[in-house]
Structures are given as C-alpha cells and as structure tokens.
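User: Please take a close look at one part of this model for me. I would like to start with a single residue and then see what else stands out.

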Amino acid sequence: MPQHRLQIADVASGRNRKFNIQDPRLLPLLALLPLLTFTHTIARGKGPGVEVRVTSPHDVETDPGMIVTGAFLVRNDTGREREFVDILQIPHGWRPVTTHGDPFVLDDGAEAVRTVALHVPSAAGAGEYGISYTIRDRRDYGITDSDTFTVRVRPVVALKLMPEDAPESVVAGDVIEIVMRLINRGNVTRTIALEASIRQHWPLRIDPEKQRLAPGESTVVNVTVETDEHIARDTRCRPTVKATTGRIIATSAEESVSVRIVPRPPERIDPYRRIDSRIKIVAVGGDRGEGMQAELSGGGYLDADGERRLDFFFRAPDISDQRYGRRDEYRMSYSDSAVTAHIGDRSYSLSDLTERHRYGRGVELNLHPGEVFATGAHFVRTRWGEPREKQSGVYGEAQMNDWFRLRGNVLWKEREKENHIYSLQSRITVHEAFNLGLEYGYSNTRGAGNDTAYRMDFSGRAWERVRYSVLKIRAEPGYAGYYSDADSLSGRIFFPLTDGVRGSFSYREYARNLDRDTELRSAERTRHYGTGLNCRLPTRTNISLDYHRRCTRDVLPDPRYDYMTDVVGLGVRQRIGWASLSLRTERGEHRDRLNNSTRRGLERYRLSASFRPSSRQRYGAYYNFGHSYFRTAEPARTRSAGASGSWDITRTLTAGLRYSKSGLESETLPTGRWSGSLSYSLPNGHRLSARGSWSRRRGRDSSSYAYASYTVPFGIPVGRDQDIGRIKGAIYDAETYEPLPRVRVWLNEHTAVTDDDGEFDFPALEPGTHLLRINRHDVGLDRVTVDRTPINVEVQPGRTEYVDVPVVKSAEISGRVAVFGFDNGNNYLDYRDINDFRDNNLKLSGDGNGLVQVGALAGILIELRNGTEVFRQMTGSGGAFVFKELRPGRWTLRMYGNDNLPDHYYPEQEEYVLKLDPGDMSHVLIRVLPRERRIRIIDEGEVE
C-alpha cells in the first residue's frame with residue numbers, strides 16, 4: 001500500500017516538511033481541518049467583501065499626554081482590485097499622529113496592515129475610550145467593515161497654585177489681601193481642600209476653603225491677613241496656601257507670597273528719647289479687709305545705640321495679707337556691654353550647689369569686659385522667713401577655649417551658724433551630641449564640721465533625632481549649700497520610631513535623710529520608672545500611651561509608709577477646625593506593703609475642650625473624676641469641673657468669665673468659685689482693669705474678693721533725640737505739569753492733603769522706611785502714577801527727603817488667543833476639531849498664507865510684566881483678555897500653558913513687547929498655528 005505524505009510549508013523556518021499521513025499523531029489535526037477551514041471562512045466573511053480586524057492588543061493602558069498605537073489587518077475579498085479609504089473615529093480632543101483619509105489600492109485576496117498612532121491629550125479624563133477604524137470602498141459605500149480597540153486612560157491628579165495679585169508691603173495693622181489662582185491640571189474632577197498658614201499668630205482667612213474643579217478648570221482663591229499694629233520693626237510675612245485632594249488619589253500644591261510689614265509710627269513725634277514707664281494704682285477688697293497700692297515701673301535704653309539699659313520697679317505698701325494684694329518691692333537694674341548691676345528686692349543666685357535662688361534685698365555687680373573672662377559679687381539679706389539670713393557671694397569665670405569653660409564660686413552664708421561654701425564648675429561642649437556640666441562643692445560650717453556635694457548633668461542629641469539627658473546630684477547631710485542631705489539621679493531619653501511616632505523612657509530615684517537619722521520624721525527612698533509612646537496622625541490626631549511605676553518607702557526602723565503604684569495612661573487629642581478636644585484616662589493599682597493590702601481598679605479620667613470660633617472669642621472646659629491614689633493609703637474618689645470664656649468685645653474692651661468646682665463627692669471640701677475680669681483701654685493709652693471672685697463651701701459662708709487697677713503709661717525723658725526726618729513732595733500732571741490739589745496722601749498712618757500748588761509735607765518722622773500712598777480717586781479714574789505705589793521712602797535722621805509723584809493717563813492692553821488651521825484640505829483640524837475650538841460668533845478669516853482662523857482658546861494664562869509689576873489673567877470665553885489702568889512704558893506679554901493647546905499646535909510668538917504711551921489702547925492677537933508634519937511609514941514583510 002503506497003505511503004501518502006502531506007507536504008506543509010513551515011513559514012517560521014522557510015522550509016517544507018513532509019509528514020506521514022498515516023501517522024496516528026496527525027489524526028486529531030486532520031479531524032479539525034474542516035472545522036478550521038469553516039471558521040476561517042466565517043472570519044474572512046466578516047464584511048461584505050472587505051475585512052478589518054485588530055491585530056494589536058485590544059486594551060491599551062496609558063497616561064495623559066502619551067502616544068498610543070494600534071494595528072489593523074485589512075483584506076480584500078471582493079473578487080477584484082479595489083480602492084479603499086480609511087476613517088478613524090477618535091474621542092473629542094484627541095489627535096492622530098499618522099495621516100488618514102488618503103486612498104490606497106488592494107488586489108483581490110491581498111492583505112495589508114494599517115498602523116494607527118494617536119496622541120492622548122494632557123487633559124484627557126480618566127476612563128475607557130473606544131478607537132474605531134473603518135475601511136470602505138471609495139466608490140461603493142456598501143463595501144465597508146470596521147473594528148475597535150480600547151484605550152484606558154489612567155487617572156492623574158495635578159494641582160497648580162499661582163499668585164495673581166499681592167501687595168509688596170503694607171503698614172502694620174493693615175489687612176493683607178492676596179489673590180491666587182488654583183488650577184486643576186489633572187484629568188479627574190476632584191474636590192480640593194484649601195488652607196492658609198503664616199508663621200505669625202495673626203487672624204487669617206481663606207475663601208473658599210473647599211472647591212470642586214473639573215479637569216482644566218480654575219478658580220480664584222482670596223487670602224486675607226490682619227497684621228499686628230504693634231510691630232516695632234520691619235517684618236516679613238509669608239502667607240502660604242496649600243491645596244490638597246483626598247486620600248484615594250492624593251496630591252498637593254503649595255505657594256507662598258512674601259509681604260513686607262512696615263512698623264506703624266507714633267501719631268506724634270517726640271523730640272526726646274524716653275524710657276517707657278507706667279504708674280499703676282491698685283485697690284483690693286474682700287472678707288479680709290481692704291487696701292490700696294501703687295506701682296511705678298519701666299525700662300528702656302539710655303542711648304540711641306541700644307547699649308545701655310535701665311529697668312526699675314517700685315511697689316508699696318505691703319498688702320499681701322489681702323487675697324489680691326502683693327508685697328512691697330523696690331529694685332533697679334542697669335546693663336551695658338561690660339557691666340550688669342542690680343539693687344533691691346529680687347532673686348540672687350551663684351551656682352546650683354552654692355545658691356540657686358535666694359530672694360531678698362541686696363546688691364549685685366557683674367563685670368564681663370569681653371568673652372574670655374567674667375567676674376562678679378553679690379550681697380543679699382532675706383526679708384521674709386525666720387530666722388533671717390545673710391549671704392555674700394563671689395565668682396570668677398574663664399572661657400578656656402571654644403569648648404571648655406571654668407568657673408569658681410565662694411559663698412558666705414550666715415543663718416544661725418556661719419557657713420563657708422566653695423565650688424568649682426566646668427562646662428564641656430564639644431558638639432550638640434555632647435554637653436557635660438560638672439560641679440564639686442565643699443562647705444565648712446563653724447562648729448559642725450565639713451561636708452561635700454557634687455552635681456553632674458549630661459545631655460545631647462544623637463543620630464540627629466534622639467535626645468537624652470542625665471542629672472546626678474548628691475549632697476552629704478552636713479553640706480550647707482542649696483542641696484543638703486539628698487541624693488538623686490534622673491534620666492530621660494526621647495527617640496523616634498517613625499516620622500509620626502515618638503517614644504520616651506524616664507527614670508528617677510530620690511533619697512532623703514541619708515544617715516537615717518531617727519530624729520527626723522522619715523527617710524524617704526523613691527524610685528520612678530516611666531515609658532511612653534506618642535503618635536501624630538495625618539487627621540490632626542495625637543495619641544499617647546504611657547506606663548509609670550512609683551515605689552516609695554520609709555527606711556527608718558519604724559517606717560511610716562511603704563507603697564507602690566502602677567499606672568497605665570491613654571490620651572487622645574483631636575483638633576477639629578477651630579476646636580480642640582482632649583481625653584486622658586488612667587488605670588492603676590495601689591499596693592500598701594505595710595498593711596499588705598492592694599487596691600485594684602483605680603481610675604482617673606480627664607476630659608477637656610477648647611474652642612476658638614473667631615480671633616475674638618476663646619472658650620474652654622474640663623471635667624475630672626476618679627481616684628486620687630498617689631501618696632495615700634486609702635485612695636478616695638474626687639471630682640472637679642470648670643469652664644471659662646474670654647471675649648475681645650472691641651479692640652479696647654475685653655472680658656473673661658471662669659467657673660470651677662471641685663471635690664463634689666466630699667462632705668467638707670466641695671468648693672464652687674466664680675471669677676470674672678474686665679479690661680478697657682482708653683484712647684489716651686490709659687487702661688482700667690477689674691476682676692473679682694466669689695466662692696462658697698458646703699456648710700460655710702460664702703466669700704468674695706475684688707480687685708481694680710488704673711494704669712497710666714508715660715515716658716521719662718533721658719535725652720534729646722535729634723534723629724528726626726522730614727518728607728516733602730508734589731503731585732502733578734506729567735504731561736502738562738499742572739499741580740493736582742486736594743489729593744489725599746498717606747505716609748504709613750500719617751495723612752496729608754496737597755495744597756493749591758499740589759504740594760504735601762510731613763514735618764516730623766521717625767527714621768526708617770515709610771510707605772507713601774495716594775488716593776487714586778482724587779487724581780482721576782483714567783489716571784495712574786508714573787511710579788508704582790506705595791513708594792518706599794527712606795527717612796534719614798536730620799534730613800528732608802523730596803518725593804515728586806507725576807500722574808499720567810492710564811493705558812490698556814486687550815487681546816485674543818485664536819487658533820488657525822490650514823484651508824487647503826490637508827489641515828490637521830477636520831470639521832469635528834474646528835467645532836471644538838470655534839467661537840460661534842467668529843467669522844472665518846484667512847491670512848493669505850493658507851491659514852484660516854477657526855477658533856479661540858479659553859483658560860490660557862496670560863502674563864504681563866514691566867520689570868516691577870506683574871499681572872496675570874486667564875482668557876475667558878472667546879479667548880479674550882484685557883488689562884486696564886496700566887502705566888505707560890515698556891510691557892512684555894507672554895502666554896503660558898502650552899499643555900492646554902491643541903496637540904501639534906504652537907504659539908506663533910513666545911512673547912510680545914509693547915511700548916505704551918499715555919492713553920494708548922493696544923490690541924494683541926496671539927495666533928496658535930499648526931505644525932506641518934511629514935510622516936513616513938515603512939512597511940516590511942508580508943502577512944499571509
């Protein structure tokens with residue numbers, strides 16, 4: 001029987017292979033041949049004589065602004081040669097990169113691969129888009145077929161903030177008004193949250209706080225800042241606006257503007273240099289009686305250079321036995337670059353181991369002629385407490401080098417016994433990671449012997465974010481310095497775990513009565529351990545978790561106490577707009593080791609809230625309840641609550657009210673107390689204040705107290721000030737030189753009006769920078785100053801500055817952004833594209849070079865600048881823009897936002913330079929032109 005063989009062309013290898021038809025491995029393939037032939041016939045018969053099918057992936061994913069490609073196989077099965085044309089249907093605003101619409105010829109049974117390349121617009125919205133490719137006979141429209149593939153555009157969120165209008169400088173106390181524009185540069189509609197911030201704590205408002213924008217849409221953002229009128233020197237304010245989207249597709253944009261704040265000068269210039277002072281009269285009254293008191297205080301520099309300073313305070317008589325009364329005090333201080341001196345009632349110190357704070361009446365002198373050496377001495381006698389004490393101290397200090405400082409101290413103290421105390425201090429600072437302080441003290445007490453003490457503190461920062469500190473102090477029982485008969489060690493470390501989580505650990509031990517003297521009440525030994533975590537969340541939430549153990553015992557033979565407490569605490573603080581809420585809860589256990597008893601389930605809770613609905617109102621409230629279990633054998637339940645409010649009723653009148661109540665569950669301690677305050681500032685700077693309180697305890701009579709004060713500020717002259725300047729000037733028409741009378745002129749907060757000759761005069765001014773402004777309505781609605789206002793004028797001491805303000809007619813620039821296309825049938829804007837950019841009221845017009853104006857562009861940023869001023873504007877419907885009230889001169893006009901142009905189009909000019917004369921009205925046509933593109937398609941290989 002003959003062998004039947006099947007010869008099949010191997011397309012991949014280019015060779016013919018022979019197979020044995022009786023090979024059993026080929027039987028399944030032979031059985032499928034009729035079915036495959038039938039299936040191919042159906043596919044080939046997809047269209048009436050012509051077939052189109054996608055050979056590239058059916059789904060393509062891309063970002064906006066990219067180019068995507070697709071391939072379609074076209075086959076002619078009409079029985080004869082045909083001439084076909086292709087039609088590409090694409091989404092609105094998309095642009096083809098390859099050329100389509102040109103006829104092409106296919107023989108009968110021939111196949112061709114047609115490539116499609118598309119540019120996805122930068123503003124294309126996220127989603128799925130169908131790309132349809134149609135082939136039809138150029139004469140017989142019934143011979144046609146088509147196929148599609150899908151382009152998935154990924155969502156992109158992009159925001160842009162840009163300032164449109166902001167002042168360069170304002171006078172302290174004025175309102176800063178800033179205009180910014182927010183643009184959605186992404187391809188999805190988003191709700192955008194806006195917030196503004198400044199470093200200073202000034203009232204700040206932003207409008208809107210939330211805005212929903214479609215792709216390419218923009219909105220105006222207004223920011224206002226109320227500056228502080230009491231600024232004493234030039235300050236820079238940088239309002240910052242931040243725009244953020246949601247957390248699913250999150251992005252943000254931030255922009256800030258720098259504004260100079262010029263101090264507001266006093267209304268009246270004083271020719272004398274003075275020390276700011278005040279007299280205060282106080283009256284108090286209540287259940288303990290009444291009394292009156294007077295104060296004289298002040299401080300300031302004695303010279304114009306600010307090197308010699310004098311401060312003083314005097315108050316008498318002593319009415320400290322009254323609830324709101326104070327002690328009588330008298331003190332004065334003087335300082336300059338080489339000397340510091342104090343006399344009177346104050347706190348005097350020498351060092352940590354000798355004397356830290358000793359309040360009394362005394363005198364002190366410190367000499368520091370340079371940075372290398374310093375010395376000083378003081379003498380003080382206490383005024384209160386028995387027995388009275390006298391102290392005399394002397395020190396000498398030397399800076400040995402950049403990292404080592406050495407100091408010696410000697411203190412004579414007389415209180416019942418005479419004590420001599422000596423100490424030696426050193427400070428080593430190598431880096432912020434290493435700061436070591438050491439002090440060793442020795443005391444000699446007449447009739448009682450000698451003893452010593454030492455102190456060591458060690459702190460620094462490691463790995464930039466880890467902070468630590470250690471303090472060790474030990475003073476023997478006979479040591480006569482600030483510390484005595486005590487031993488303590490404390491340390492703390494802070495370390496970050498992540499950007500928002502911080503941990504800490506602390507340890508402290510303390511001992512008193514080191515020799516365990518039984519004549520003393522106790523010999524306390526305390527140890528405290530603590531650790532905690534603090535977490536800051538993006539939702540403006542702060543969470544803290546901590547654990548503390550405190551062990552306290554008396555080590556005398558007959559101990560008075562021995563207990564241990566364990567406490568776990570959890571705190572949550574949340575800011576919600578103008579409100580802040582805080583919750584703190586603690587659970588603990590108290591063990592009394594003397595009685596062998598344990599109290600479990602002890603708890604304490606604290607809830608507090610603060611509200612600030614406006615800059616003039618502040619409210620707060622708190623509520624505490626639970627056990628008080630520290631240092632107590634029988635923890636008792638306590639409860640307390642309170643609320644407060646304060647109001648700035650006007651700029652000169654403020655009021656406050658507070659209520660508190662504690663110990664609600666006790667029979668003898670509950671106390672309810674009301675207190676209030678009122679303060680009023682008079683126009684002349686005087687101030688009247690009053691406050692009072694009323695309280696009542698259960699089973700007792702109520703008590704009340706009142707306080708009132710009247711304050712008169714004044715200045716004590718210490719020398720004549722020659723540093724006063726003057727500004728004179730004139731306002732006139734720059735073309736006719738005619739003066740402009742009755743024009744209001746402001747210099748910071750000073751005001752003047754031009755006379756019949758157009759002149760103004762500010763005769764007495766503080767040296768420094770002043771802002772000169774004029775009322776634009778007084779010079780005419782169609783007029784502007786030649787120079788930009790406000791004008792910065794530097795006032796020099798003892799000199800007169802002359803400022804002329806010429807005024808001219810204002811100019812105007814208007815224009816339009818227009819799209820042009822080819823009118824020869826090969827333009828890249830077909831009839832659908834023209835409708836996308838076309839203004840219905842626009843008549844098509846040619847330029848004689850084969851271009852026709854087919855539309856206009858809205859939402860294009862136009863910038864106009866002249867070197868000192870910058871104006872920005874977005875084109876409106878019809879692509880129009882206009883800039884009014886411009887100063888004559890050279891202006892540069894520039895268009896931004898090429899991403900919003902039709903693809904493959906470009907502006908004819910990058911910028912336009914315009915020379916404006918007074919009264920000119922100039923019009924600019926910004927032409928957007930198509931790029932001429934030549935595309936070469938290279939076809940290689942065959943498809944069979």
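Analyst: Start with Asn 76. This is a predicted model, and in it Asn 76 counts as buried, because its relative accessibility is 0% and buried means under 20%. Asn 76 lies in strand β5, which covers residues 67–76. Now look for Ala 110. Along the sequence, Asn 76 and Ala 110 are 34 residues apart. In space, their C-alpha atoms are 5.7 Å apart.

Next, two cysteines. Cys 237 is buried too, because its relative accessibility is 0%. Cys 551 has a relative accessible area of 17%. That value is under 20%, so Cys 551 is also buried. What about disulfides? A disulfide is a covalent bond between the sulfur atoms of two cysteines. A search of the whole structure finds zero of them.

Now turn to the surface. Asp 757 has a relative accessible area of 52%. Exposed means over 50%, so Asp 757 is exposed. Asp 757 sits in the loop between β51 (750–753) and β52 (759–765). Asp 757 also belongs to a surface patch of negative charge.

Methods:
Residues are numbered from 1 along each chain as its sequence is written. This is a predicted model: local features need pLDDT of at least 70, side-chain atom pairs count only at pLDDT 80 or more; totals for chains, interfaces and linings use all residues. Side-chain values use heavy atoms; hydrogens and water are left out. A disulfide is a pair of cysteine sulfur atoms within 2.5 Å. Buried means under 20% relative accessible area, exposed over 50%, partly exposed in between (1.4 Å probe, protein chains only). Patches are made of residues with over 30% relative accessible area and no salt bridge: like charges are joined within 9 Å, nonpolar side chains (Val, Leu, Ile, Met, Phe, Trp, Tyr) within 5 Å. Accessible areas come from the Shrake-Rupley method with a 1.4 Å probe; for residues, only the protein chains shown count as cover. A salt bridge is a side-chain nitrogen of Lys or Arg within 4 Å of a carboxyl oxygen of Asp or Glu. Lys and Arg count as positive and Asp and Glu as negative; His and the chain ends are not counted. The place of a charge is taken as NZ of Lys, CZ of Arg, CG of Asp or CD of Glu. Helices (H or I, at least four residues) and strands (E, at least two) are DSSP runs, numbered from the N terminus.
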